[in-house]
Amino acid sequence: MNKGYVWLVGAGPGDAGLITVKGLHCIQSADVIVYDRLVNPELIALRSDHCEIINVGKEHDYHPIPQEEINQILLRHAQAGKQVVRLKGGDPYVFGRGGEEAEVLAQHGIKFEIVPGISSSIGGLSYAGIPVTHRNHASSFHVVTGHTSQGNEQQNWKILAQLEGTLIILMGMTRLMDICQQLILYGKSPTTPAAVIMYASHSKQKSVTGTLETLAAKVEEKELHAPALIVVGDVVNLAETLSFSPTYLTLGELFPTLENSAEEAIS
């Protein structure tokens, strides 16, 4: 039997309309979709009638399906000759472990393709009125994770605190106060603008702006929680001026010829 094929597809930061045209084509062509917790259900609803769906979603400190098992799921279905979509929030290669999955597929001779998606670190911030760069405020941006593969190992906040431009921290909400304190300790001004965006680009998005000194308290007061982005830098000051009300169109409205209704969201 011929081996199947795997597409590692970025679903974007939350708004289903931000899926790429190629990503949408892959979803509709798939025999199996292996998807993460933060993928918009509207995308899953556009699968074909014969497509099997497998939820492998993870939460902080709760991984019901370990990464090694996810790898085996992809291998098993591809080796059975199926067309497999590994659907990930944001972009597969931006802290999405897509590189690890692609390595496993390559090691076993499985043909695969990467379909990039809009990273929450860029698209998510824009929905909150925060551009990652701006000629008058930031000529660079840096994206880091709030934790590393070693669990308790920390980022080098001493180096990060010295960087100019915009600092974007993914998966850092459980350590928000410590992150702010570390950046201040190593040289960032306590009055440096900072923000948290929860459910970025989603219809239930919420955000809080403040400074490194005040942000953690404001987030606690507003009861924001993961999944959320942390952003530090002068561009945060543009949030009020550049904020907008997104037009959330269903994929059925964007692509009227779609066979399946985008309203048939999975539970």
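Trainee: Which helix does Ser121 lie in?
Mentor: Ser121 is part of helix 5, which covers residues 120–126, and please keep in mind that we are looking at a predicted model.

Trainee: Is Ser121 buried or exposed?
Mentor: Ser121 counts as buried, because its relative accessibility is 3%, and the cut-off for that word is under 20%.

Trainee: What does Ser121 touch, then, leaving aside its neighbours within four places in sequence?
Mentor: With those neighbours left out, Ser121 is in contact with Val132, Val143, Ile168 and Leu170. There is also a polar contact of 2.6 Å, which joins the side chain of Ser121 to that of Ser119.

Trainee: New topic: in what order do the five strands of the open sheet come?
Mentor: The order is 6-7-10-8-9, with mixed pairing, and the edge strands, each pairing on one side only, are strand 6 (141–145) and strand 9 (206–211).

Trainee: And how many bridges join strand 7 to strand 10?
Mentor: Four bridges join strand 7 (residues 166–170) to strand 10 (residues 228–232), and these two strands run antiparallel. Within this pair, Leu167 stands opposite Val232 of strand 10.

Trainee: Which strands does helix 7 lie across?
Mentor: Helix 7, made of residues 176–185, lies across strand 7, strand 8 (193–198) and strand 10, and runs at about 15° to strand 10. Helix 8 (residues 215–222) also packs on the sheet, where it touches strand 8 and strand 9.

Trainee: What's the average pLDDT of the chain?
Mentor: The chain averages 91, and 91% of the residues score at least 70. Over residues 260–267, however, the pLDDT is below 50. Where pLDDT is low, predicted coordinates should not be read in detail.

Conventions
Residues numbered from 1 in each chain as written. Predicted model: local features only at pLDDT ≥ 70, side-chain atom pairs only at ≥ 80, totals over all residues. Heavy atoms only, no water. pLDDT = per-residue confidence, 0-100. Contact = heavy atoms within 4.5 Å. Pairing = 2+ DSSP bridges. Axes fitted to C-alpha atoms, helices over the stretch in contact; angles between N-to-C directions. Buried < 20%, exposed > 50% of the residue type's maximum accessible area, 1.4 Å probe, protein only. Polar contact = N/O pair within 3.5 Å; in protein donor to acceptor, adjacent residues only side chain to side chain.
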